Amino acid sequence: MEWWARGIDWAGGAPGLRWRGGRVSTLAYGQRLAFRAVGVRRCPGARGNPCPLEAVVPGRSTGGRCPECARLDRAHSVAADTVADDPQPYHVYLAWFGPGMTKVGITAEARGEARLLEQGAVVFSWLGRGPLMAARRTEEVLRQALGVPDRVAYERKRAARHALPPAGERAREVEELYRRARTVGGWTETLEPLEFAARDQAGAFRLDGLPRLDGTIAELVGGGVVTGRLLAAAGPDLHLLAPDGRCLVLDTRLMRGWVLEAAGEGESFSVPVTAAVPVAESAQEELF
């Protein structure tokens with residue numbers, strides 16, 4: 001049986017690796033991970049549909065899909081603003097990823113906190129509730145009024161996790177932005193405002209006490225081995241302590257489309273690694 005990776009899963013509030021066919025392998029902090037990529041990376045398809053060509057895709061692509069499947073995926077995406085007639089209620093939220101890194105976003109109410117786990121939000125608070133288009137308008141109004149983005153670069157998120165301020169400081173920064181948002185006029189006429197309640201997810205991600213970040217895994221390669229102890233997980237990222245003592249991040253989106261098999265006890269780490277980028281230099285990196 002082939003184990004074809006589909007990325008990370010946060011169902012139930014805990015991380016797991018998803019595989020083709022719907023299987024999920026639950027991850028436990030402190031466990032040893034050791035696997036080898038087999039063959040070539042192939043497009044996993046989109047929206048539950050397999051790629052008809054099983055096209056080969058680049059190892060460094062976080063999307064991991066061929067152009068045709070990528071278009072299909074975005075054609076039915078609220079995040080890409082291509083869906084306007086979804087009747088279900090939506091939440092507007094504020095999400096904090098590190099000092100000075102707060103964004104405003106929306107998510108379907110039925111998804112609960114899953115979207116915030118998937119993004120790696122260390123702290124968040126709901127702001128309002130209402131129809132999709134009202135939520136979308138509010139997101140844009142607040143983004144402009146508050147001077148905050150709707151996206152935060154992944155490299156900045158990763159670096160910030162390794163030097164988090166105390167929980168109280170994290171919550172205060174979100175609360176201050178919440179108070180400013182409530183003074184922005186107009187949006188409460190179409191959305192139901194929700195009371196401030198800081199939800200801190202550092203414990204779910206196991207972020208407290210992480211060592212310095214040394215680098216990120218650039219890509220998987222055929223025959224390449226990844227091995228290390230799982231220290232933390234946030235959003236799509238696994239923070240690993242490699243056998244040589246380095247703390248490295250593996251973006252599980254890079255696993256999507258690879259067949260993986262267990263590596264032996266004595267096999268060495270053998271995939272490319274990119275040195276960590278300081279927060280101040282990473283603002284122009286790939287956005288979430």
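Tutor: We will take confidence, salt bridges, backbone angles, aromatic rings and nonpolar cores in turn.

Student: What is the average pLDDT of the protein?

Tutor: This is a predicted model, so begin with the predictor's confidence in each residue, which runs from 0 to 100. The protein averages a pLDDT of 91, and 93% of the residues score at least 70. Over residues 282-288, however, the pLDDT is below 50. That stretch still has 22 contacts in the model beyond near neighbours in sequence.

Student: How many salt bridges does the structure hold?

Tutor: There are 24 salt bridges. Take Arg71 and Glu68, whose side chains meet at 3.8 Å, N to O.

Student: Which helix holds Glu175 and Arg179?

Tutor: Both belong to helix H5 (residues 167-183), four residues apart, which again means a separation of about one helical turn. Glu175 is partly exposed, with a relative accessible area of 25%.

Student: Which parts of the chain does the pair of Glu113 and Arg199 link?

Tutor: Their side chains meet in a salt bridge of 3.2 Å, N to O. The pair links distant parts of the chain, 86 residues apart: Glu113 is in the loop between strand S6 (101-108) and helix H2 (114-119), and Arg199 is in strand S9 (residues 199-200). Glu113 counts as partly exposed at 36% relative accessibility, and Arg199 counts as partly exposed at 29%.

Student: Which residues are linked in a network of salt bridges?

Tutor: The network links Glu155, Arg158, Arg161, Asp237, Asp251 and Arg253.

Student: Now the backbone. What is the phi of Arg47?

Tutor: Phi of Arg47 is near 55°, a positive value in a residue other than glycine. Glu54 is another such case, with phi near 45°. Arg47 lies in the loop between strand S4 (32-38) and H1, and Glu54 is likewise placed between S4 and H1. Arg47 counts as partly exposed, at 45% relative accessibility, and so does Glu54, at 36%.

Student: How many aromatic pairs are there?

Tutor: A pair of aromatic rings is described by the distance of the centres and the angle of the planes. The count here comes to five aromatic pairs. In one of them, the rings of Trp3 and Trp19 have centres 5.3 Å apart and planes at 85°, so the pair is edge-to-face. Trp3 lies in strand S1 (residues 3-9) and Trp19 in strand S2 (residues 16-19), so the pair ties together parts that are 16 residues apart in sequence.

Student: Is Trp19 buried or exposed?

Tutor: Trp19 counts as buried, at 10% relative accessibility, whereas Trp3 counts as partly exposed, at 31%. Phe124 and Trp126 form an edge-to-face pair too, 5.1 Å centre to centre with 70° between the planes. Both Phe124 and Trp126 are buried. Together with Tyr93, they form one aromatic cluster.

Student: Which residue lies over the face of Tyr154?

Tutor: Lys157 does, at 4.7 Å from the ring centre. In the same way, look for Arg246 over the face of Phe269, at 5.8 Å from the ring centre.

Student: Which residues touch the most other members of the largest nonpolar core?

Tutor: In soluble globular proteins, nonpolar side chains tend to be buried together. The largest core here has 56 residues, and Leu220, Val226, Leu238, Leu250 and Leu260 touch the most other members. Strand S11 (residues 225-234) supplies the largest share of this core, six residues. Leaving out residues up to four places away in sequence, Val226 touches several residues, including Leu33, Phe35, Ile217 and Val271. Another core, of 11 residues, lies apart from the largest one; among its members are Tyr93, Leu116, Trp126 and Ala160.

Methods. Residues are numbered from 1 along each chain as its sequence is written. This is a predicted model: local features need pLDDT of at least 70, side-chain atom pairs count only at pLDDT 80 or more; totals for chains, interfaces and linings use all residues. Side-chain values use heavy atoms; hydrogens and water are left out. Contact means heavy atoms within 4.5 Å. A salt bridge is a side-chain nitrogen of Lys or Arg within 4 Å of a carboxyl oxygen of Asp or Glu. Helices (H or I, at least four residues) and strands (E, at least two) are DSSP runs, numbered from the N terminus. Buried means under 20% relative accessible area, exposed over 50%, partly exposed in between (1.4 Å probe, protein chains only). Rings of Phe, Tyr and Trp (its six-membered ring) pair if their centres lie within 6.5 Å; planes under 30 degrees apart count as stacked, over 60 as edge-to-face and the rest as tilted. A charge sits over a ring if NZ of Lys or CZ of Arg is within 6 Å of the ring centre and within 35 degrees of the ring normal. A nonpolar core is a set of buried Ala, Val, Leu, Ile, Met, Phe, Trp, Tyr and Cys residues joined through side-chain atoms within 4.5 Å.
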